Amino acid sequence: MLEILQIPVLQDNYIYLLQDTYSGLTAVIDPAVADPVIDVLVEKSWQLDYIFNTHHHSDHIGANLQLKQQTGCKIVGSAADQARIPGIDILLGDGDVVKLGNQCFQVIDTPGHTVGHIVYYSADSQALFCGDTLFSLGCGRLFEGSAEQMWHSLGKLKALPAETRIYCAHEYTAANGRFALSVDPDNPQLLQRIDQVAELRQQNRPTLPSTIGLELATNPFFRAHDLGIRSTIGMTDQSDLAVFRQLRLLKDQFR
């Protein structure tokens, strides 16, 4: 089994601490800051063995070197980003498998937000750690990659089993939901999801994990084919890629 602990940090980041309960091996996903991770490790009496980085942004790698110095852990990340991930030890690419004890994580290249972005997918645990590629009701901004790259990356994630839980790196669901409603106002599942999100946030509870199935039903960036969304944004006869590109532009401008 894989135990997953969610650690909220900074304004809206999530760090995920994972342990393979059979071997006791432990990894942390995208540690922005070190102290909250250390606190949980001490509380749980866990030893940190690995850092899994999805990409090089500072709010995902900020604690790499401190955690490595304090724990002796190894740092795992994209070979394409090796020059931008401090302390990296293990270089990965699309299709590689990284193991945490008995847990196997498939590495999937997902450029778009950055050119070197990767995600970690565990089929056995039905869990996807997707960094800033996919958010609940949203997707990452195109800081380095193209709309074509991001659309292709999201296509890989859409194809995962519907029950796959998605562990995103940020608590953006409420803001994403406001945009989603502006382009998909007649979606009953989206309306229900927005009500659930509002209730969770009022209680200061996380809206994550979501699931691939829930995102397929409610996330506009998964739904460029939808005739209702296409009609709302005036693009009924355009390609899915063109619709996605316009949705991303509209989201960037949305207030």
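Predicted model: local features only at pLDDT ≥ 70, side-chain atom pairs only at ≥ 80, totals over all residues.
**Entry 1**

Then I picked one pairing to follow. Strand 4 (residues 50–52) and strand 5 (residues 74–78) run parallel and are joined by 3 bridges. Across from Phe52 I found Val76 of strand 5.

Next I went to the largest pocket, which holds about 300 Å³ of space. It is lined by 17 residues, and Phe135, Cys139, Arg141, Phe143 and Tyr172 are the closest to its centre. Helix 5 (173–183) and helix 9 (240–253) are the elements that give two or more residues to this lining. I sorted the lining of the largest pocket into 6 nonpolar, 5 polar and 6 charged residues.

The second largest pocket has a volume of about 190 Å³. I noted 13 lining residues there, with Pro8, Tyr14, Glu171, Arg201 and Asn204 nearest the centre. Here the elements giving two or more residues are strand 1 and strand 2 (13–20). Strand 1 gives the most to this lining, with 3 residues.

**Entry 1: the salt bridges**

My count came to 12 salt bridges, and I looked up a few of them.

Glu3 pairs with Lys44, with the closest N and O atoms 3.1 Å apart. This pair links strand 1 to helix 1 (residues 35–44), across 41 residues of chain. Glu3 is partly exposed at 27% relative accessible area, and Lys44 is partly exposed at 32%.

Lys68 and Asp89 come to 2.9 Å between their closest N and O atoms. Lys68 sits in helix 3 (residues 64–71) and Asp89 in strand 6, 21 residues apart. I have Lys68 as partly exposed at 26% relative accessibility, and Asp89 as partly exposed at 35%.

Which side of the Asp240 and Arg230 bridge is buried or partly exposed? The two side chains meet at 2.7 Å, N to O, with Asp240 in helix 9 and Arg230 in helix 8 (residues 227–232). Arg230 counts as buried because its 6% relative accessibility is under 20%, while Asp240, at 30%, counts as partly exposed.

Last, I noted a network of salt bridges that links Asp81, Arg84 and Glu144.

Conventions. Residues numbered from 1 in each chain as written. Heavy atoms only, no water. Pairing = 2+ DSSP bridges. Helix = DSSP H or I, 4+ residues; strand = E, 2+ residues; numbered from the N terminus. 1 Å grid on protein atoms, 1.4 Å probe; cavity = no way out; pocket = protein on both sides within 12 Å on 5 of 7 lines; lining within 4 Å. Points joined across faces, edges and corners; volume = space filled by probe spheres on them. Nonpolar A, V, L, I, M, F, W, Y, C, P; charged D, E, K, R; others polar. Salt bridge = Lys/Arg side-chain N within 4 Å of Asp/Glu carboxyl O. Buried < 20%, exposed > 50% of the residue type's maximum accessible area, 1.4 Å probe, protein only.
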